[in-house]
Amino acid sequence: MADTYRSLLGVKEISALEAFDEGATGYFGRMVDYLEHFIETGVKQGRFTQEQAREDLEIALWYAYACNNVDDYEHYYMAAQWMPASEKYASGCGPWYYRYSCALMYCGRLKEAWDYAEKGVKEDPDYPWGWLQVGKLRSHFGDKEGALEAVRRGLLLEPEDFEFLTLHQEILEGRNLEQMEYHYIDPDSDRKLQEGMLEDSLEKQETIAGILCDQEQLEKIQELFQIKDWEADCPYCRFHFTVGDQEVEGLFRMNEAAVSKLDLSWLQRQREIYTGTEYITRKSREGKLYTLTALVIERDLSVGLVYQEQETGEMVSVCMQATGEIYSPMPEALLVSLGLMQPSRGAIPIQYHERAIFQTWMP
């Protein structure tokens, strides 16, 4: 670490951040909020700049720690975007390389994740969790012996550690990277996860789905929609596709790796339903004509529809809740009351109105 480095975080701020952490659990979302509020306030008061905050190593370490422990794609993406500015102060700091590598991995940027993991164990070989990350990524990229050596190095630093012992077994079994990540640090919590006893197991699976991309499946999905202008992982996947003579904007609210896990037949059914005549144009109770301009597919398999009124350009969003099953047979046209909703401005809104304006049906 450079001798001239001095963190913007003082004793008061560090103590506050530590209070959010309760060991195996913590209030990590609040930790992110606290850091963002601290930075926003400091910049407004002129105590430092946004650039200085992003370059601050201590802030970066806490920010990545908090984001990674929230454990969803969006927060891993936030950490991966935040970390590079502080790299110039990260020499010899194993936690910085480990946390950045983890964030990159969950964003599907595996080669970069491996590079930073390897740099981390060179910079700080006494930081044990760097060896854990290196072991997983060496195994993924085909270096089984190197992966086992990483486990050995880690166990010298943390004898009989549950994570290293588990990784050792999974390397020998040939598990893939996503399988290696389907764990919790706490042995009892991990046992419950493996036995399907935890309520958040689905969220864990959704997060892990963003690691490995099935390129062949991704290409089939792109072909299904006859995609144009594909923009991947920024942080989501945007594209355009044509319905008749009309161009519709599409969004998978996930990265490419997660898109590649979607069931092709389910996607085909959604495309058939929501680009059919029942949905491509709709009328409100007042007789206004709305045209489908965007289709959004969420990680929970709900589908968002964005309509635009032809005369005024008013935008309205609709959320169709997923049943988790393929729609079969195709439902009858459902009556829509767009007049029930307040208009939602913007091409693809982040949030949808909670009030359901479509009737629900069972497949």
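Here are my entries, topic by topic.

**Ground rules.** I'm working from a predicted model, where local features need pLDDT of at least 70, side-chain atom pairs count only at pLDDT 80 or more, and totals for chains, interfaces and linings use all residues. Residues are numbered from 1 along each chain as its sequence is written, and side-chain values use heavy atoms, with hydrogens and water left out.

**Cysteines.** How many disulfides are there? I took a disulfide as a pair of cysteine sulfur atoms within 2.5 Å, and the count came to zero. I looked at Cys234, and the nearest cysteine sulfur belongs to Cys237, 8.3 Å away. From the Cys237 side, that 8.3 Å to the sulfur of Cys234 is too far for a bond.

Next I checked accessibility, calling a residue buried under 20% relative accessible area, exposed over 50% and partly exposed in between (1.4 Å probe, protein chains only). Cys234 is partly exposed at 46%, whereas Cys237 is buried at 0%.

**Strands.** I used DSSP runs numbered from the N terminus, with helices as H or I of at least four residues and strands as E of at least two. Two strands pair if DSSP finds at least two bridges between them.

I started from β6 (residues 303-309). Six of its seven residues are buried, so β6 is largely enclosed by the rest of the structure. On one side I found β5 (residues 289-297), antiparallel to β6 over seven bridges. Ala294 has Val306 of β6 as its bridge partner. The β5-β6 hairpin has five residues between the strands, and Leu301 in the turn shows a positive phi of about 75°.

β6 also pairs with β7 (residues 315-320), antiparallel over six bridges. There, Leu305 is bridged to Val318 of β7. This is a hairpin too, with five residues between β6 and β7, and Gly313 in the turn has a positive phi of about 80°.

**Pocket.** A pocket here is an open set of points on a 1 Å grid over the protein atoms alone, where a 1.4 Å probe fits, with protein on both sides within 12 Å along at least five of seven lines; lining residues have an atom within 4 Å of a point. I noted about 1200 Å³ for the largest pocket. Which residues sit closest to its centre? Of the 39 lining residues, they are Asn69, His183, Tyr184, Ile185 and Lys204. Elements giving two or more residues to that lining include α4 (57-70), α11 (177-181) and α13 (201-208).

Notes: Points joined across faces, edges and corners; volume = space filled by probe spheres on them.
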